[in-house]
Amino acid sequence: MNRIGFYVASALVALMVASSCLFIVDQRQFAVIYALGEFKEVISEPGLKFKLPPPVQNVVFLDRRVQTLDSPETRPIFTAEKKSLVVDWLIKWRLINPKEFILSNGAADMRNFESRLSPIVQAAFNEEVTKRTVQAMLATDRELVMQGVKSRLSDEAKSFGIEIVDVRIKRVDFSANITTAVYQRMDSERKRVAAEVRATGQAEGERIKADAERQRDVILAEAFRDAQKVMGDGDAKASALYADSFGRDPQFAQFYRRLDAYKATFRSKSDVMVIDPDTDFFSAMRGASGSRK
């Protein structure tokens with residue numbers, strides 16, 4: 001029994017040692033072999049590989065896929081006319097030379113490497129942005145800036161064992177204090193334009209109103225003129241008729257004038273007159289004999 005236990009234990013130990021010596025390299029990874037803590041070799045071909053058991057040798061895996069690095073913080077960059085802009089960016093990079101990467105980085109740590117790469121990218125953006133104006137950055141030269149940054153990084157990236165796949169600008173904006181000033185200036189400008197439009201509309205309204213009043217006055221004056229002309233023609237015809245009628249019968253003319261006098265005198269039922277009824281004013285009411293009824 002002791003011998004069987006020994007064999008089983010030996011088999012388990014051998015199995016553990018064998019399992020620590022074997023490892024699988026994925027096609028999406030590089031395998032870096034360290035011997036007693038020192039870099040030894042890089043395995044790039046996928047498959048089942050062999051190494052010495054720890055602590056003699058150990059393996060570290062590096063991702064060979066495309067990585068994304070975003071701008072860690074938004075720092076203002078001054079343009080050619082000394083205006084402050086905030087540029088958010090990202091870059092796509094890929095590991096192509098693991099040995100060079102480890103030697104330059106000091107370790108197989110990609111996160112640590114990105115903390116070193118970020119200031120380099122920011123400096124490249126600073127150099128490109130400071131050559132351009134705000135209008136160029138916001139409108140025309142964004143693509144040129146990305147190409148310039150990629151060109152600057154490509155040469156330096158080779159010394160790190162990486163390849164810069166792409167460079168992108170996510171956002172270009174004014175810094176917070178300038179943004180507030182710009183919005184205030186835009187607000188003032190819109191208010192000024194609105195005031196001008198209101199003033200123009202009010203002036204146009206006054207002009208239309210004055211023109212309407214002028215046309216009204218002209219129409220009323222022309223109507224009054226035509227009415228006076230018609231009334232004058234009517235009065236002339238009436239006077240001619242009266243003159244013709246009164247010329248034919250003077251007594252009728254006298255009677256008609258007395259009726260007009262009565263009409264003008266007795267306008268209301270409440271009128272009271274204290275007068276002698278035998279006066280000549282009431283002769284038409286006394287009849288032909290002149291007696292009172």
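**Helices α3 and α5.** I looked up how helix α3 (residues 110-129) meets helix α5 (residues 142-160) in this predicted model: their axes come within 9 Å and cross at roughly 140°. Axes are lines fitted to C-alpha atoms, for helices over the stretch in contact, with angles from 0 to 180 degrees between N-to-C directions. Helices are DSSP runs of H or I with at least four residues, strands are runs of E with at least two, and numbering starts at the N terminus. The angle therefore makes α3 oblique to α5 (under 35 degrees is roughly parallel, over 145 roughly antiparallel, 65 to 115 roughly perpendicular, the rest oblique).

I then noted the residues in contact (heavy atoms within 4.5 Å): among them are Phe113, Ile120 and Phe125 of α3, and Leu144, Val149 and Phe160 of α5.

**The sheet.** I found three strands in an open antiparallel sheet, ordered β3-β2-β5; strands pair if DSSP finds at least two bridges between them. β3 (38-43) and β5 (57-63) are the edge strands with a single partner each, so one side of each has no neighbour in the sheet. Neighbouring strands are turned by 30° against each other on average, direction ignored.

I recorded seven bridges between β2 (residues 29-35) and β5, in the antiparallel sense. Ile33 stands opposite Val59 in β5.

**Helix α2.** I saw that helix α2 (residues 98-105) lies across β2, β3 and β5 and runs at about 155° to β3.

**Basis.** Residues are numbered from 1 along each chain as its sequence is written, and side-chain values use heavy atoms, without hydrogens and water. In this predicted model, local features need pLDDT of at least 70 and side-chain atom pairs count only at pLDDT 80 or more, while totals for chains, interfaces and linings use all residues.
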